[in-house]
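Welcome! Open the model in your viewer, keep the sequence beside it, and follow the stops below.

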Amino acid sequence: MKFVLGFAVLVLPFTASAAFVNPMEFDGSEAQKQEVIEYIKAKVKADYCDGAVDMCQPTTLRMMEKQNLTAFKNLTKVKNKEILNKVIGDYCEGAFDMCTYATLDMMYKQNLKASGEKLSW
């Protein structure tokens with residue numbers, strides 16, 4: 001019981017303050033802008049400071065935060081929502097946590113390009 005309560009105390013503040021914002025549902029409100037920023041900051045910190053890769057330097061963190069914010073802005077303008085939904089499902093709801101806006105933007109662009117290609121000799 002103590003473990004469950006301790007785990008909830010650690011996880012709930014993180015998830016409540018840093019929730020993923022689906023770019024297709026972004027309404028441009030100040031509240032959602034702040035939510036996106038908090039998610040990006042928390043995700044970048046987790047990836048570069050708290051993970052297996054130790055690249056926790058202010059320069060790296062700011063660069064990756066800016067890259068993710070630019071990617072988020074790109075994703076709010078996508079035309080093929082079906083492809084973006086699939087990418088979000090694969091990278092945010094799958095077995096591996098690769099749910100950064102930079103990854104989603106890159107994979108959306110690659111899937112969009114591949115959807116228009118045909119195999120030829």
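Predicted model: local features only at pLDDT ≥ 70, side-chain atom pairs only at ≥ 80, totals over all residues.

Residues are numbered from 1 along each chain as its sequence is written, and side-chain values use heavy atoms, with hydrogens and water left out.

On a 1 Å grid over the protein atoms alone, a cavity is a set of points where a 1.4 Å probe fits but cannot get out, while a pocket is an open set with protein on both sides within 12 Å along at least five of seven lines; lining residues have an atom within 4 Å of a point. Grid points are joined across faces, edges and corners, and a volume is the space filled by probe spheres set on the points.

Next, which residues line the largest pocket? Select V44, D47, Y48, M64, Q67, N68, D97, M98, T100, A102 and T103. Two or more of these lining residues come from each of α2, α3 and α5. The pocket's volume is about 190 Å³.

Now color by helix: the protein has five helices and zero strands (DSSP runs, H or I of at least four residues for helices and E of at least two for strands, numbered from the N terminus).

Pick out α5, where Y101, A102, T103, L104, D105 and Y108 are buried (under 20% relative accessible area, with exposed over 50% and partly exposed in between; 1.4 Å probe, protein chains only). These buried residues pack against α2, α3 and α4.

Last stop: the largest nonpolar core, with 23 residues (a set of buried Ala, Val, Leu, Ile, Met, Phe, Trp, Tyr and Cys residues joined through side-chain atoms within 4.5 Å). Those with the most contacts inside this core are V36, V44, L75, L84, Y101, L104 and Y108. At least two core residues come from each of α2 (30-48), α3 (58-75), α4 (81-92) and α5 (101-115). Finish on L84, which touches M24, L75, V78 and Y108, leaving aside residues up to four places away in sequence (contact means heavy atoms within 4.5 Å).
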